[in-house]
Amino acid sequence: MQPKECAECGSGAIYHRLTYISIVIDELMAGLLPTPSGSNWFSRAVQAVERRATPYLLEAFMAIGLATRVTEPDDRTQLLALMLWNEARERDIRVEEVRLFGLPRNIFLATYPDGRKVAYEGIPLPPEDIERVAWMDDKAELKKRFRKLGLPVAHGGDARTLRTARALFAAMTPPAIAKPYSGSASRHTTLHITDEHELARAFRVAVEVAPRAVIEEELVGSVYRATVVDGKFAAAIRRDQPYVVGDGTRTVRELVAEANTHPARSGPYFHAIKLDEAAEGELAWQGLDLDAIPEAGRNVTLHQKINWSVGGTTADVTDDVHPDNIALFEETARVLKAPIVGIDFIIADIGRSWKELERCGILETNSMPFFDNHHLPFEGKPRNVAAAIWDMNIARL
């Protein structure tokens, strides 16, 4: 059974109640169990045993019929997994997918040329991943710690109640943004909050899927995704909301119709720009409607979210990133002790230093980033992040 369609989830609809309960359980377990760290010898020992034992356990599952061995990608293989699979072949690494009870669970076995086997879920990670901080994927906690370290983040905080959300909102300069403290893909995120009425609605939307909402100032500029592998900046893309550029003669509706003729918008990756109630609301925020004629050169956005399902696109900007911004991304990975990290960053111009611009900063980080974005940008040069991931793992065997 698929989850019900949800405008706040976009195309990647989730089970609201199940997601909420899962996050609550994670919070409780985090409070009960010791936090993994490099100084925790017990955690290191447990991970070492798991790393050695898991491949044999999966082999046993397949031998007794509890799991299926898939030796070649098929139509159920995720795109990100396919990219890793192809790059593994280039390095004589044999990859097999393990489908527990015949179901794709994103679990894989990699056999290196010397015969060593490694099991991984989603993305292969080196043994040093045990060093990664436990709060990396917690948006609220990450912001608190980054502020103390002087890393750029939006002003704000997290709230369990509307009263706390209002207090946070009162202390900042609108517009603001509200989102679940845990999650991704812009689900249940609201932008352009300018008053307490809008805040109340945005808070309710956010806490449908998480017990806390992050309330913070809306940063200015495009959303960028930088990926750092093995401490080194690997690639960056600009993640664009659905948008068109005015020419001074055609209406928004006509500009969208032309944009939707782009061959890449026919799927399966990118899609046509949707003209719906959400698009009309975003246009109203900009003082426009579908029949308005924007002046030449004006960027007109058509949705709050940057999801591909509503017409969002990407553009590679790896060669345009200012050295100060690269240093910031690599410092972020160092602070997080993460061998792989995706960093969502907002700035008006990625070619200028973050130190020079106001209302720019890190939105969130992701320990399991969707790096396939770099391989298949809507515009610009593809970047082979999968190759960098395997090279890191080979070097750390």
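**Ground rules**

I am working with a predicted model, in which local features need pLDDT of at least 70 and side-chain atom pairs count only at pLDDT 80 or more, while totals for chains, interfaces and linings use all residues. Residues are numbered from 1 along each chain as its sequence is written, and side-chain values use heavy atoms, with hydrogens and water left out.

**Salt bridges**

I searched the whole structure and recorded 29 salt bridges. For burial I use these classes: buried is under 20% relative accessible area, exposed is over 50%, and partly exposed is in between (1.4 Å probe, protein chains only). On that scale D230 is partly exposed at 28%, and R396 is likewise partly exposed at 25%.

I then turned to E96 and R69, whose side chains meet in a salt bridge of 3.2 Å, N to O. E96 sits in strand β2 and R69 in strand β1 (residues 67-70), so this pair ties together parts that are 27 residues apart in sequence. E96 counts as buried, with 6% relative accessibility, whereas R69 is partly exposed at 35%. Both residues belong to a network in which salt bridges that share partners join E59, R69, R94, E96 and K117.

A further pair is D158 with R212, for which I noted 3.1 Å between the closest N and O atoms. D158 is in strand β5 (residues 156-159) and R212 in the loop between α6 (196-206) and β8 (213-217), which places the partners 54 residues apart in distant parts of the chain. D158 is buried at 17% relative accessible area, and R212 is also buried, at 9%.

**The sheet β1 to β4**

I traced an open sheet of four strands in the order β1-β2-β3-β4, with antiparallel pairing; two strands pair if DSSP finds at least two bridges between them. β1 and β4 stand at the edges with a single partner strand each, so one side of each has no neighbour in the sheet. Neighbouring strands are turned by 25 degrees against each other on average, direction ignored.

Between β1 and β2, which run antiparallel, I recorded four bridges, and V70 has E97 in β2 as its bridge partner. β3 and β4 pair in the antiparallel sense over five bridges, with I107 opposite E121 in β4. Their hairpin has five residues between the strands, and there G115 takes a positive phi near 95 degrees.

Helix α3 (residues 79-90) lies across β1, β2 and β3, at about 145 degrees to β2. Contact here means heavy atoms within 4.5 Å, and axes are lines fitted to C-alpha atoms, for helices over the stretch in contact, with angles from 0 to 180 degrees between N-to-C directions.

**The sheet with β5 to β8**

I found another open sheet of four strands, in the order β5-β8-β6-β7 and with antiparallel pairing. β5 and β7 (190-193) are at its edges, each with a single partner strand, so one side of each is left without a neighbour in the sheet. The twist averages 20 degrees from one strand to the next.

Four bridges join β5 and β8 in the antiparallel sense, and G156 has E216 in β8 as its bridge partner. Helix α4 (residues 139-149) packs on the sheet, touching β5, β6 (176-180) and β8, and its direction makes about 145 degrees with that of β5. α6 lies across β5, β6, β7 and β8, running at about 170 degrees to β7.

Terms used. Salt bridge = Lys/Arg side-chain N within 4 Å of Asp/Glu carboxyl O. Helix = DSSP H or I, 4+ residues; strand = E, 2+ residues; numbered from the N terminus.
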